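Subject: Handover of a structure and notes on its contents

Dear colleague,

I am writing to hand over the structure shown below. Kindly keep it open while reading the notes that come after it.

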Amino acid sequence: MGRTGGPRATAFLAALLLCASTAAGVLGIAITDSDHPTAAWWPAAGIGVLTLLLLPRSWWPGLLAGLFGTYVLANLIGDRPLDAAVLLAMADTAETAVVSWAVLNRVGRRMETVGEFGWLLGISFGGAVLAALGVAATSAQLLGGEFSDTVAATTAAHWAAVMLIVPLGLVPRERLRERLGERLGGPDHRPSPWLLVLQLALLLTATVLAFGPGHHPTLGFAPLPFLIWAGVAFGPFVVAVEQLALAVLVTALTLGGWGPFADSEQAANQVAQLYLLSLVIAGTPLALAVRQQRRATVAVWAEKKRTEAIIESSSMPILVTDEDGVMLSANPAVTELTGFRPADLIGRPFWERLMPAGEWELAQERFAEARVRGRGVIRTAAGGERIVTYSQSELIDPVDGTVHYVLTAADITAERASTHFLQHLLRSATTVAILGTDEQGVITLVNAGAERMLRIDQATGRDFLDFLDPDEVARRGAEYEAEEGFGTLVHDVAADGVPQTRDWTWVPPDGVPLRVSMTTSLVADARQRPIGYLFVARDVTDTRRNQELLHQALERERAAVGHLQALDHAKDDFVSTVSHELRTPLTSIIGSIELLGDGLLGELGPDQKHLIDVIERNAERLLALANDLLLLSAYEGAGAQPLLVPLDLRTVVTASEASIVPLLNHRDLEMQVDLPDDPVPVLGDVDYLERAVTNLLTNAVKFTQDGGSVTTTVLTDPANRRCSLSVADSGIGIPEEDLASVFQRFFRSRNVRADAIQGTGLGLSIVRSVVEAHHGSIEVHSQPGAGTTFTIHLPMA
Ligand code: ADP
């Protein structure tokens, strides 16, 4: 019993027991009738076994030596010769060792069952016989005892001693009520202490009646009922204690000369031992059995409590009915599901409450057939309906054979609704393909759109990879290294869980591929473990083809524009080269003609003079054209930019007016100039600006008939820091449809061409180029037959 305390407490217990053993040995010998060579009472046998069973196994050798010592000592004190004392002690020690060892192996340190009691009874008998043989042999050899008598007496004495004392240390002592019953509020087995007092008093009375002075010989049975009472009411430990007390009392009374066994005959002693033994045999197993049965009752009760708690707290509706389907109990989950309180349900067949009236008969039939599983509709208190799966199981009471049925149900209304919704969703999406696969890529779900795009009826169960372009998959697999097959499709998604959209080529079984834009996502269960993949795809074959065509068209256009630009440059280069090359010979021609015209090489006749004039005029026109072209190509080649310096716009107008004076010879035009009094400062290049204004004035003069007027006006708008210069004439005007084109190079309006008025069509393009180089703008207003006005707008410096 190492568990009762530390090593010190254990050692103390050992010492105490060894002392008790010695005392018991001395007492046993002392109370034995001196006629008998061996002790008729030998409580030391019981104490020895108890000592070993209460103390740790490792102590046994030492304890056995100690016990051997106490036995020798007791015998020596009892005046036995040393050799006899040693031999007797050896026999006793052997018994103690054998019985302790066998009990430890068969029963253990706790005796709980009747079966274990049986083992103790058998083992102690065997031990008693073993000791008795040793004691009898010693007694016959050394003490003059009679062998067979000694065997009988010693066996009885030892057996009774072990059976009376050892149970004290082995039977369970716990109080049932406190351990189980009270905590769970279960059956109460605790006897009243007053009852124990009463029982003790009655037991004492009966014992004294049977064994005390003035006893009646036939009252020996009297204590028995009270011991049985103790066994039933107070548990095995109380019984063990009472039995031992009874034995001591009976022994004392007998030794006192009272009672039925108060006879010096050894046989009477043996009968007394056997009497006590029979009390033990009656009381202890009964107490053990009663205890076992109570434990079982409590266990059953606890089990029942547990089951009730489980049913009450279960979120699954549970109904118990009798054989006829009449409800006996319903847990809270039933109320939660149906809205019916238990009181509404109990006592009625379940279908009457929970089934629509039309289905009562069917439900009753199914119930009778004990249909164990199914799906159905149940009615709620509010008049609604729930879809449930249910199961029914039979429960037969093992005691009376009553049949009960347990009905459990699971509400699947919401699941059904969402399943329908999902199916509808899948069916109605016909332009989008939705495909689900497991982790290996086997198709588990497919919608109408996917079947339409893949042009098959049944895709479920097939490998998704079968519908993809194998070359494309292999190519992309190579990008990811190691990944191939289905792993390529889900590589990115499997890695980070983020849905990914990419173009793929699907190859339906009919072999006509289609391009799809496909979003791949990972499907995970509630615990975030991947369980498959979802693919949502759109057919983009046409879109991608159109995109490709558009791309190609744009490329072609870009190439054409580049080509045109190159041509333009080549043309500009050509024009400027030609103009440049023309100027030198033309200058030389004009110079030579002037020499001729001036008559320096001889007087010219009128015809010759006329021809020379024609030649000179045309050569000058050619030179002007060459100059215009050079100027334009200089601008447009982005080569020569004007040098912008501060100047007064009025000086530009005055200079231009002066330069056109020769044109006015032989003309009848009213020339008007309207300039502000203050300088009009602009940033500009005098030569270029003069050239532009001159061109406008030239045109005005050219396209205005005699009698008309040309008005040049400069206006300023200091607030906006802008100024304008307009040249207005009252000439032939420009047809409306030509207005937009007058600034184009070489453009000449149809009326001008019709009237055969000379010109190159370059003047206005030069004007526009100059104005734009000065960050200005030009506009034109004209009315055919009434006149034209060109207005230049420039920023003021
Ligand atoms: P050109 O005067 O050498 O023909 P321009 O570029 O100067 O070339 O003018 C282009 C055309 O614009 C002229 O041919 C003419 O048809 C028209 N145009 C220009 N100025 C006037 C104007 N003041 N009145 C009528 N038409 C004009």
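Predicted model: local features only at pLDDT ≥ 70, side-chain atom pairs only at ≥ 80, totals over all residues.

**The ligand**

There are 21 residues around the ligand, and Asn699, Asp729, Arg748, Ser749 and Thr760 come nearest. In serine 749, a polar atom of the side chain is 2.5 Å from a ligand oxygen atom.

**The largest pocket**

The volume of the largest pocket is about 1,400 Å³. Its lining consists of 43 residues, and those nearest the centre of the pocket are Thr698, Asn699, Lys702, Gln758 and Gly759. Several helices and strands supply at least two lining residues each: helices H21 (606-636), H23 (686-702), H25 (750-754) and H26 (763-773), together with strands S15 (722-729) and S17 (787-795). Sorted by class, the lining of this pocket holds 18 nonpolar, 16 polar and nine charged residues.

**The second largest cavity**

The model has two cavities of 30 Å³ or more. The second largest cavity contains about 60 Å³ of space. Among the residues that line it are Tyr480, His491, Asp492, Arg502, Trp504 and Met518. Which element gives the most to this lining? Helix H19 does, with five residues. Helix H19 spans 486-496, and strands S8 (500-506) and S9 (514-524) likewise supply at least two lining residues each. The lining of the second largest cavity comprises five nonpolar, four polar and two charged residues.

**Threonine 22**

Threonine 22 is part of helix H1, which covers residues 7-31. Is threonine 22 buried or exposed? Its relative accessibility is 15%, and the limit for a buried residue is under 20%, so threonine 22 counts as buried. Apart from neighbours within four places in sequence, threonine 22 is in contact with Thr70, Leu73 and Ala74.

Yours sincerely,
A colleague

Methods. Residues numbered from 1 in each chain as written. Heavy atoms only, no water. 1 Å grid on protein atoms, 1.4 Å probe; cavity = no way out; pocket = protein on both sides within 12 Å on 5 of 7 lines; lining within 4 Å. Points joined across faces, edges and corners; volume = space filled by probe spheres on them. Helix = DSSP H or I, 4+ residues; strand = E, 2+ residues; numbered from the N terminus. Nonpolar A, V, L, I, M, F, W, Y, C, P; charged D, E, K, R; others polar. Buried < 20%, exposed > 50% of the residue type's maximum accessible area, 1.4 Å probe, protein only. Contact = heavy atoms within 4.5 Å. Near = heavy atom within 4 Å. Polar contact = N/O pair within 3.5 Å; in protein donor to acceptor, adjacent residues only side chain to side chain.
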